Amino acid sequence: MNKKFERIFNLVVGMGEILIECDAEILRVIDTMNFSAEALGIDELDTFIITNGIFVTARMDGETLAKTKQIRTHEANLGKIDAVNALSRDIVAGKTELAEAERRLKDISQMNVWPAALRYLGAAIGCGALTVIYEGTYRDALASFFIAMGIRLLLSIAGKRQINRVIVNLFASILISLAARTCTFAGLADNTDKIIIGSIMLLVPGILLTNGIRDITNNDYLSGIIRVIEAILIASSIAVGVGMVFLFF
């Protein structure tokens, strides 16, 4: 087996895997893999990609390699997508050798675009600001600030343990609603609904729905439908979670 071919193949598959994990649209994944493979000398690359799997066959100098990879972890990360795209452009432009590309891809797979504390703070400030935009009081915004910080921690833990996103969002919406009602009942905030609306924006599957529609417009119907259905299920789980709290509490 040609060791160089195997290294190139693993590099290209690794780039696609990272993009899928970060919820990139399917056309971007396919183009990135194809352009990089061609620039590195692969004669032919055939890919079939859906949101939770990647199937790749490559041919080079009369040899063939194939790989099937299941993708179980998903977390929108535009920083990693940008880094993989930059690596792909450098490969196509001939600015990066194979060894350097392998090192950069390894760094990308391990990178944290933002420190964890800053992600929590950003989620808290964003939800607090949205609460004010939706005509909540500043006491409501403060409640949303702390609720969002706790929910962001919950989402991070659930993501590491690969818990189903529909179930996670169901429980997260229940916790948000219970926390909002508790804050208003205790006199710490004024409007339960404004707190819930602001805090729950952290769960809304906006990127998932947008990329699903983009996949459909790019003729990747299977992946697009999967993403749209998942977005609908997540939105439904949020509605059910909030509704349960208002129904029983």
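Student: Which way does helix 9 cross helix 10, left-handed or right-handed?
Tutor: Helix 9 passes helix 10 in a left-handed crossing. Keep in mind that this is a predicted model.

Student: What's the packing angle for helix 9 and helix 10, and how far apart are the axes?
Tutor: The angle is about 155 degrees. The axes lie 7 Å apart.

Student: So are they roughly parallel or roughly antiparallel?
Tutor: Roughly antiparallel. The angle is over 145 degrees, so helix 9 and helix 10 get that label.

Student: Which residues of helix 9 touch helix 10?
Tutor: Leu 208, Leu 209, Asn 211, Gly 212, Ile 213, Asp 215 and Ile 216. Their partners in helix 10 include Tyr 221, Arg 227, Glu 230 and Ile 234.

Student: How does that contact split by class?
Tutor: The contact of helix 9 with helix 10 has 9 nonpolar, 4 polar and 3 charged residues.

Student: Now helix 7. How does it pack on helix 10, in angle and axis distance?
Tutor: Helix 7 covers residues 165–185, and helix 10 covers residues 221–248. They pack at about 30 degrees, with axes 8 Å apart. That angle is under 35 degrees, so helix 7 and helix 10 count as roughly parallel.

Student: And the handedness of that crossing?
Tutor: Right-handed, for helix 7 passing helix 10.

Student: What sits at that contact?
Tutor: From helix 7, residues including Arg 165, Asn 169, Ile 174 and Arg 181. From helix 10, among them Glu 230, Ile 234, Met 244 and Phe 246. By class, the contact of helix 7 with helix 10 has 12 nonpolar, 5 polar and 3 charged residues.

Student: Which helices supply at least two lining residues each?
Tutor: Helix 3 (78–92), helix 5 (116–133), helix 6 (138–160), helix 7, helix 9 (206–217) and helix 10.

Student: What's the class make-up of the lining?
Tutor: The lining of the largest pocket has 24 nonpolar, 15 polar and 11 charged residues.

Student: Zoom out. How many helices and strands are in the chain?
Tutor: There are 10 helices and 3 strands. From the N terminus, the order is α-α-β-β-β-α-α-α-α-α-α-α-α.

Student: What does the C-alpha trace span along its principal axes?
Tutor: About 75 × 30 × 30 Å.

Key:
Residues numbered from 1 in each chain as written. Predicted model: local features only at pLDDT ≥ 70, side-chain atom pairs only at ≥ 80, totals over all residues. Heavy atoms only, no water. Axes fitted to C-alpha atoms, helices over the stretch in contact; angles between N-to-C directions. Helix = DSSP H or I, 4+ residues; strand = E, 2+ residues; numbered from the N terminus. Parallel < 35°, antiparallel > 145°, perpendicular 65-115°, else oblique. Left-handed = near helix turned anticlockwise from the far one by under 90°. Contact = heavy atoms within 4.5 Å. Nonpolar A, V, L, I, M, F, W, Y, C, P; charged D, E, K, R; others polar.
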